[in-house]
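I opened the notebook to look up a few things in one structure. The entries follow in the order in which I made them.

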Amino acid sequence: MAREKRRNRRQLPVEEMPKDKMASKVAKVIGVPEDAFTAQPQIELSGNREAVVEGCQGILEYDECVIRLNLGKMMLRFCGRNLQLRCMAAQSVVVEGYIMSMEFLT
């Protein structure tokens, strides 16, 4: 009976499988968080002194008190003192300074 159930189950070819379902399966197999394979922005904080933002699509506002970043479907605003962009790459930014708040805007 168990073999019958397995035979009747239809497996989708990789080309037909939805991307989110495929990402979920791959993440489970290799043992990493599912978010690692999605297009969602990733933010890594080191205390309140540094933030690494991956998935940044542009800088909307920049001064020593406010940095506002475009993350596609949302914006991210850092408020604080002595804020600066230490490093910028193709889609990642490192914000340094005394971060007092971080706000997501839609």
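**Entry: lysine 73.** I looked up lysine 73 and found it in the loop between β4 (66–70) and β5 (75–88). Strands here are DSSP runs of E with at least two residues, helices are runs of H or I with at least four, and both are numbered from the N terminus. Is lysine 73 buried or exposed? Its relative accessibility is 82%, so lysine 73 counts as exposed. The cut-offs are under 20% relative accessible area for buried, over 50% for exposed, and partly exposed in between, with a 1.4 Å probe and protein chains only. I also noted 9.1 Å between the C-alpha atoms of lysine 73 and leucine 105, which are 32 residues apart along the chain.

**Entry: the model.** This is a predicted model, in which local features need pLDDT of at least 70 and side-chain atom pairs count only at pLDDT 80 or more, while totals for chains, interfaces and linings use all residues. Residues are numbered from 1 along each chain as its sequence is written, and side-chain values use heavy atoms, with hydrogens and water left out.

**Entry: asparagine 82.** I found asparagine 82 in strand β5. Its phi is near 50°, a positive value in a residue other than glycine. Most residues other than glycine have a negative phi. Asparagine 82 has a relative accessible area of 57%, so I wrote it down as exposed.

**Entry: leucine 83 and the core.** Which residues have the most contacts inside the largest nonpolar core? They are Val53, Ile67, Leu69, Leu71, Phe78, Leu83 and Val95, in a core of 13 residues. Such a core is a set of buried Ala, Val, Leu, Ile, Met, Phe, Trp, Tyr and Cys residues joined through side-chain atoms within 4.5 Å. β2, β4, β5 and β6 (92–105) each give two or more residues to this core. The largest share, four residues, comes from β5. Not counting residues up to four places away in sequence, leucine 83 touches residues including Tyr62, Ile67, Phe78, Val95 and Ile99; contact means heavy atoms within 4.5 Å.

Entry: I looked up β1 (residues 42–46) and β2 (residues 50–54), which pair in the antiparallel sense over five bridges. Two strands pair if DSSP finds at least two bridges between them. Serine 46 has glutamate 50 in β2 as its bridge partner. Three residues lie between the strands of this hairpin, and glycine 47 takes a positive phi near 60° there.

**Entry: the whole chain.** I noted two helices and six strands, in the pattern α-α-β-β-β-β-β-β. Of the 106 residues, 22% are buried.
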